[in-house]
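My notebook is open and the viewer is running. Here is what I looked up, entry by entry.

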Amino acid sequence: MDKHINVLNLIVSGNLVVNGGFETGDFSGWTLTVLDHSDTVVSAIFDPQLPGHGPLLFAATAYVKNQDLFTFAELARSGSFVYSAVMKAVVISRFGPREVLTLAESPNPIIGERDVLIRVKAAGVNRADIGQRQGHYPAPPGVSSDIPGLEVAGIVEACGSAVTRWRQGDAVCALLPGGGYAELAAVDARHCLPVASLSFTDAAALPEVLFTVWSNVFQRARLQPGETLLVHGGTSGIGLAAIQLAKLFGAQALATAGSDEKCHACERAGADRAINYRTTDFLAAFGPASVNVILDMVGGDYLQRNIVAA
């Protein structure tokens with residue numbers, strides 16, 4: 001058996017980590033060629049019997065030529081293998097119009113113990129992605145600044161050691177702080193939702209609006225069955241999701257929108273009543289103390305009227 005491994009970012013410390021699990025093994029006689037992102041050999045030869053050499057820690061999930069995942073025992077039996085260090089990603093080459101988005105190679109993401117690695121089948125497009133591409137919406141600290149994408153859908157390829165809910169092969173959609181326009185995405189496992197009967201394309205459009213509505217309307221405002229929710233901007237992605245979730249959980253839904261056509265769209269989505277704010281004042285239409293929860297994406301001069309309406 002040819003005992004040779006090409007790996008990236010090998011760290012001689014701790015145990016061997018493969019797919020988030022910890023394993024040790026006898027590396028005697030194995031030759032490791034460590035490559036940087038430009039495939040330049042920066043280190044070679046590993047022998048656990050030599051002073052200063054110990055078990056190895058991989059800084060990322062191990063892949064082989066056909067992109068399947070293996071445990072260390074399987075790797076040892078397979079002989080020679082190559083670690084795939086890069087993926088394809090849509091990157092922001094410079095700030096500007098959509099033409100600045102280009103397909104390029106990027107280092108594979110590294111998962112932590114509470115993360116899952118998703119092979120992306122579809123990615124959502126949000127206003128924040130457009131702002132980031134234009135240079136108006138910087139990525140948060142610790143997130144790739146040149147790969148946009150806040151929501152994805154795909155297949156779980158690997159799980160961190162502390163992840164219990166998800167397994168390799170699960171179909172999920174997920175909310176992430178960036179990096180979704182790529183073949184692979186590392187995501188906090190708590191930010192994933194199962195994909196059941198939806199296509200990956202449809203599922204990729206869910207996480208941003210669902211997490212936003214759920215955290216604000218149900219976790220913070222604690223909307224209850226029988227109560228009334230008022231949604232400003234009812235035909236926005238978040239607005240439509242809020243209307244549908246409110247009805248699903250037994251609440252009434254009122255909405256405002258900027259045209260009669262949009263008001264009809266709100267009502268088709270389940271709103272009990274929708275008014276055109278360009279022609280009708282929502283406070284006059286719904287009355288004081290008429291609602292229990294207000295989801296407001298407008299702000300400004302709506303604030304005082306919201307207080308009266310609630």
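Does Lys 247 count as buried, partly exposed or exposed, and at what relative accessibility? I find Lys 247 partly exposed, at 32% relative accessibility; buried means under 20% relative accessible area, exposed over 50%, and partly exposed in between, with a 1.4 Å probe and protein chains only.

**Ground rules**

I am working with a predicted model, where local features need pLDDT of at least 70, side-chain atom pairs count only at pLDDT 80 or more, and totals for chains, interfaces and linings use all residues. Residues are numbered from 1 along each chain as its sequence is written, and side-chain values use heavy atoms, with hydrogens and water left out.

**Salt bridges**

I searched the whole structure and got seven salt bridges, each a side-chain nitrogen of Lys or Arg within 4 Å of a carboxyl oxygen of Asp or Glu.

Lys 247 has its salt bridge with Asp 272, at 3.0 Å from N to O. Lys 247 sits in helix α5 and Asp 272 in the loop between α6 (260-268) and β18 (273-276), so this pair ties together parts that are 25 residues apart in sequence. Asp 272 is partly exposed, with a relative accessible area of 40%.

I then went to Asp 281 and Arg 305, whose closest N and O atoms are 2.4 Å apart in a salt bridge. Asp 281 is in the loop between β18 and α7, and Arg 305 is in helix α8, so parts 24 residues apart in sequence are tied together. Asp 281 is partly exposed at 31%, and Arg 305 is partly exposed at 22%. Shared partners join Asp 281, Asp 301 and Arg 305 into one salt-bridge network.

One more entry: Asp 188 and Arg 190 meet at 2.7 Å, N to O. Asp 188 counts as buried at 18% relative accessibility, while Arg 190 counts as exposed at 64%.

**The five-stranded sheet**

I traced an open sheet in the order β14-β11-β12-β13-β15, with antiparallel pairing; strands pair if DSSP finds at least two bridges between them. Strands β14 and β15 (192-194) are at the edges with a single partner strand each, so one side of each has no neighbour in the sheet. From one strand to the next, the twist averages 45°; axes here are lines fitted to C-alpha atoms, for helices over the stretch in contact, and angles run from 0 to 180 degrees between N-to-C directions.

Strand β11 (residues 115-123) joins β14 through five bridges, running antiparallel, and Arg 119 has Leu 184 as its bridge partner in β14.

**Aromatic pairs**

I count four aromatic pairs in the structure. Rings of Phe, Tyr and Trp (its six-membered ring) pair if their centres lie within 6.5 Å; planes under 30 degrees apart are stacked, over 60 edge-to-face, and the rest tilted.

Phe 218 and Phe 249 are a tilted pair, 5.1 Å centre to centre with 55° between the planes. Phe 218 is in helix α4 (residues 207-220) and Phe 249 in the loop between α5 (237-248) and β17 (252-257), so the pair ties together parts 31 residues apart in sequence. Phe 218 is buried at 11%, whereas Phe 249 is partly exposed at 39%. Trp 214, Phe 218 and Phe 249 form one aromatic cluster.

**Nonpolar core**

My last entry is the largest nonpolar core, which has 22 residues, with Val 213, Leu 223 and Ile 243 among those with the most contacts inside it. Such a core is a set of buried Ala, Val, Leu, Ile, Met, Phe, Trp, Tyr and Cys residues joined through side-chain atoms within 4.5 Å. Helix α5 gives the largest share of this core, five residues.

How values were computed:
Helix = DSSP H or I, 4+ residues; strand = E, 2+ residues; numbered from the N terminus.
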